[in-house]
Amino acid sequence: VQLQASGGGLVQAGGSLRLSCAASGRTFSMYPMGWFRQAPGKEREVVAAISWSGDNTYYSNSVKGRFTISRDKGKNTMDLQTNSLKPEDTAVYYCAADAGRRFGSFDSLILGNVDYWGQGTLVTVSS
């Protein structure tokens with residue numbers, strides 16, 4: 001069972017990146033998923049989350065209005081569209097899934113209750 005994150009890179013401030021998370025080994029379409037990030041010297045923090053159905057989403061205040069989370073249950077994937085990037089968005093971004101909340105929302109996941117982590121993809125925003 002694996003979550004594979006991709007799409008990171010180096011971008012100038014104001015630019016955009018689309019991060020993707022592909023699941024293999026099992027289907028995650030029934031579980032809430034999300035993106036976390038960890039900047040150098042800082043704790044890992046939740047960035048965005050999405051319910052199993054995709055109908056409900058959550059964004060941290062720092063990214064609200066700039067990032068958009070989405071999922072394709074048929075493809076077992078999840079994306080994070082990041083726009084208007086700022087240097088403070090520089091971090092390793094991790095996708096995550098809460099396999100304990102089948103057909104559930106992301107309330108537990110955004111508190112850090114994660115069963116599966118992706119390996120992380122580095123986003124670097126230059127000023």
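This dialogue explains how to read side-chain contacts in a predicted model.

Reader: How many salt bridges does a search of the whole structure find?

Author: A salt bridge pairs a side-chain nitrogen of Lys or Arg with a carboxyl oxygen of Asp or Glu. In this predicted model, the search of the whole structure gives 4 salt bridges. One of them joins Arg18 and Asp79, whose closest N and O atoms are 3.2 Å apart. Arg18 belongs to strand S3 (residues 17-24) and Asp79 to strand S8 (residues 77-82), so this pair links distant parts of the chain, 61 residues apart.

Reader: Are Arg18 and Asp79 buried or exposed?

Author: A residue counts as buried when its relative accessible area is under 20%. Asp79, at 16%, is therefore buried, whereas Arg18, at 42%, is partly exposed.

Reader: Which residues are linked in a network of salt bridges?

Author: The network consists of Arg37, Glu45, Arg66 and Asp89. Arg37 is buried, with a relative accessible area of 5%, while Glu45 is partly exposed at 36%. The side chains of Asp89 and Arg66 also form a salt bridge, at 2.7 Å, N to O. Asp89 is buried at 1% relative accessibility, and Arg66 is buried at 11%.

Reader: How is a pair of aromatic rings described?

Author: Such a pair is described by the distance of the centres and the angle of the planes. The structure holds 6 aromatic pairs. Among them, Phe28 and Tyr116 are 5.3 Å apart, centre to centre, with 85 degrees between the planes. Planes over 60 degrees apart count as edge-to-face, and the pair of Phe28 and Tyr116 is therefore edge-to-face. Phe28 is in the loop between S3 and strand S4 (33-38), and Tyr116 is in strand S10 (residues 116-117), 88 residues apart. Phe28 is buried at 1% relative accessible area, but Tyr116 is partly exposed at 24%. Ring pairs also link Phe28, Tyr31 and Tyr116 into a cluster.

Reader: Where does Arg26 lie, and where does the charged end of Arg44 sit?

Author: A charged side chain can also be placed relative to the face of a ring. Arg26 lies over the face of Phe28, at 5.7 Å from the ring centre. The charged end of Arg44 sits over the ring of Trp117, 4.3 Å from its centre.

Terms used:
Residues numbered from 1 in each chain as written. Predicted model: local features only at pLDDT ≥ 70, side-chain atom pairs only at ≥ 80, totals over all residues. Heavy atoms only, no water. Helix = DSSP H or I, 4+ residues; strand = E, 2+ residues; numbered from the N terminus. Buried < 20%, exposed > 50% of the residue type's maximum accessible area, 1.4 Å probe, protein only. Phe/Tyr/Trp six-rings, centres within 6.5 Å; stacked < 30°, edge-to-face > 60°. Lys NZ or Arg CZ within 6 Å of the ring centre and 35° of its normal.
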